[in-house]
Amino acid sequence: MESLPRRRPSVLARGFAVGLASGARSTLGLVPPSIGPASRWPQVVAAGLVATELAVDKLPVTPSRLAPPPFTARVVLGTVGAATLARREEAGWVLPAAAGAIGAAAGTLGGAALRHAGAERGVTWPAALLEDAVALALVRWACG
């Protein structure tokens, strides 16, 4: 039996996923803009920033993601990442950008709730690592 061709998820859904990932780890919003044929440098820089954030996020001195500057940065990077993903696919960018912004706000609030619940149960690090894994999986799915 012949299999049906796999249908790629919509750019709107993938833009939302980029936003969710950026809400969890702001620098993941840089992944879609770094993907392209021109140069490997944007990918190297984005990977370095993501790796740095994955480590720094676990430090007790890291400010709350719910404070206005970090919250805004996550939403902006999620918006830019989703818009770039849409433009790369030659699709309209406005709705995916809005989905990225909404996803980033949801990811920021959801990630903070997950980390708070983990802290209350004494599993702060496992909660943080779970959040990392989900965010990385989301951006890989969206950009893959």
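I take buried to mean under 20% relative accessible area, with exposed over 50% and partly exposed in between (1.4 Å probe, protein chains only). The model is predicted, so I note that local features need pLDDT of at least 70 and side-chain atom pairs count only at pLDDT 80 or more, while totals for chains, interfaces and linings use all residues. Residues are numbered from 1 along each chain as its sequence is written, and side-chain values use heavy atoms, with hydrogens and water left out.

**Entry on Thr27.** I looked up Thr27 in the loop between helix 1 and helix 2 (31-34), where helices are DSSP runs (H or I, at least four residues) numbered from the N terminus. Because its relative accessibility is 11%, Thr27 counts as buried. Leaving aside residues up to four places away in sequence, Thr27 touches Leu49, Val50, Glu53 and Leu77, contact being heavy atoms within 4.5 Å.

**Entry on helix 1 and helix 6.** I found that the axes of these two helices come within 8 Å and cross at roughly 150°; axes are lines fitted to C-alpha atoms over the stretch in contact, with angles from 0 to 180 degrees between N-to-C directions. Helix 1 and helix 6 are therefore roughly antiparallel, the label for angles over 145 degrees. Among the residues that meet, I listed Ala17 and Ala21 in helix 1, and Ala135 and Val139 in helix 6.

**Entry on Val139.** Not counting residues up to four places away in sequence, I see Val139 touching Ala21, Leu28 and Val31.

Key. Angles under 35 degrees count as roughly parallel, over 145 as roughly antiparallel, 65 to 115 as roughly perpendicular and the rest as oblique.
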